[in-house]
Amino acid sequence: MTTMTEASVREFKMPDVGEGLTEAEILKWYVQPGDTVTDGQVVCEVETAKAAVELPIPYDGVVRELRFPEGTTVDVGTAIIAVDLAGGAAPVAEAPAQVQVPAPAETEPEEAKPQGRQPVLVGYGVAASSTKRRPRKGAEVPRQEPSASAQALQSELNGHGQGPAAVVASPRPLAKPPVRKLAKDLGVDLTTVTPTGPDGIITREDVHAAVAPQAPAAEPVPQAAPVAVPAAAPAPVAAYDTARETRIPVKGVRKATAAAMVGSAFTAPHVTEFVTVDVTRTMKLVEELKEDKEFAGLRVNPLLLISKALLVAIKRNPDVNASWDEANQEIVQKHYVNLGIAAATPRGLIVPNIKDAHAKTLPQLAEALGELVSTARDGRTTPAAMQGGTVTITNVGVFGVDTGTPILNPGESAILAVGAIRLQPWVHKGKVKPRQVTTLALSFDHRLVDGELGSKVLADVAAILEQPKRLITWA
């Protein structure tokens, strides 16, 4: 393999394309070894826990090596492609599927590696990392004495900001914060865990191995002669009928959504209230706006007026637009509304939001909704578009569903579910007539929103949809 420490070769590392992300899956390579690339050229598409993102290369040169094949999940900060700035010929790949990772000796010298978070092309990046290989089961891994670089890392992980002397004075095991949290959740004492990571760092696998069931100790045998103990039979390999079952790995957007919903459901105390409302006048207004020249070329549908109704209800009841700060035990009231719209995409459910939706006119809101939906369907929603939401609307009615009990988007105070709009018998002006009717459901965080406030918000939305002229008188 060609050594990648030549002065003309630059390695492009997986950037942090969204604040706090730790990994991304390589969906597609747009270049191959030997291809010429220019600064700003998109070389690959990756999927994070939030969206699919195209990555441009910040160099001019010739591709020397692709470090990982398509479908591989790579840690942020790991080199994924090497580019020869001098334009030298790239080595011939043996086979497309054989993407090799260079040995540690072929990477940059330890002292040359940047410390801490570095500026990258997208986002802020994270500290440089390397891929890790899990040890073979049953193999004994000796505890390693921390090197000078490990001592510096110990200082960083402990958050003391001190030099190697502080490491010598502290026996705290080497482990990153997520690993420490995992150990705490599983009740594992890190001082009893055998590390297998570089420089004696404890990995997630080490923690899981520490809680794995151990074989029971053999009873003492009174006979003087040793007694042979038969070897334990290997554990059976789990198998399933591929003709009757299909297993889909949970990763990317689906994995993040699942974790977020579980966290929200068991963190925020949910309350859901319902109201059924006659939206006949709103549906008539939708048809009128479609003919209005001011809305020419814009997406005009019931969701537009429902969104505006919710924004007006929040303006009348601003305390509902808040979040809960657990660390400081504070309620954070927001003086802006970033309106989230739940969107079903081939990669799973995502919730991009319209920034400062409260300040938009109805035509501007229609334009923003159209861009949000089309971008989500194309799978090009950026991580930034899904951050900072304050309240959300989920339109389950498009699937023919009457209503639901939506789960809060993490960090938000309320979510409004809109059911299917159906022609139903309804008492109107003292007579039973066919009217356009729907059911709304508002879930809210009961730490922030009590029953009175939640009821007022839901009642205001319903009142506006029943009499849309209130959009003018209440706005």
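I take buried to mean under 20% relative accessible area, exposed over 50%, and partly exposed in between (1.4 Å probe, protein chains only). My model is predicted, so local features need pLDDT of at least 70 and side-chain atom pairs 80 or more, while totals for chains, interfaces and linings use all residues. Residues are numbered from 1 along each chain as its sequence is written, and side-chain values use heavy atoms, with hydrogens and water left out.

**Entry: salt bridges**

I counted a salt bridge when a side-chain nitrogen of Lys or Arg is within 4 Å of a carboxyl oxygen of Asp or Glu. That rule gives twelve salt bridges.

I looked up Arg316 and found its side chain paired with Asp460 at 3.0 Å, N to O. Arg316 is partly exposed at 41%, whereas Asp460 is buried at 11%.

Next came Arg435 and Asp278, which meet at 2.8 Å. Arg435 sits in strand β19 and Asp278 in strand β9, so the bridge ties together parts 157 residues apart in sequence. Arg435 is buried at 10%, and Asp278 is buried at 4%.

**Entry: nonpolar core**

For a core I joined buried Ala, Val, Leu, Ile, Met, Phe, Trp, Tyr and Cys residues through side-chain atoms within 4.5 Å. The largest one has 48 residues, and Leu304, Leu310 and Leu339 are among those touching the most other members. Helix α7 gives the most to this core, with ten residues.

Terms used:
Helix = DSSP H or I, 4+ residues; strand = E, 2+ residues; numbered from the N terminus.
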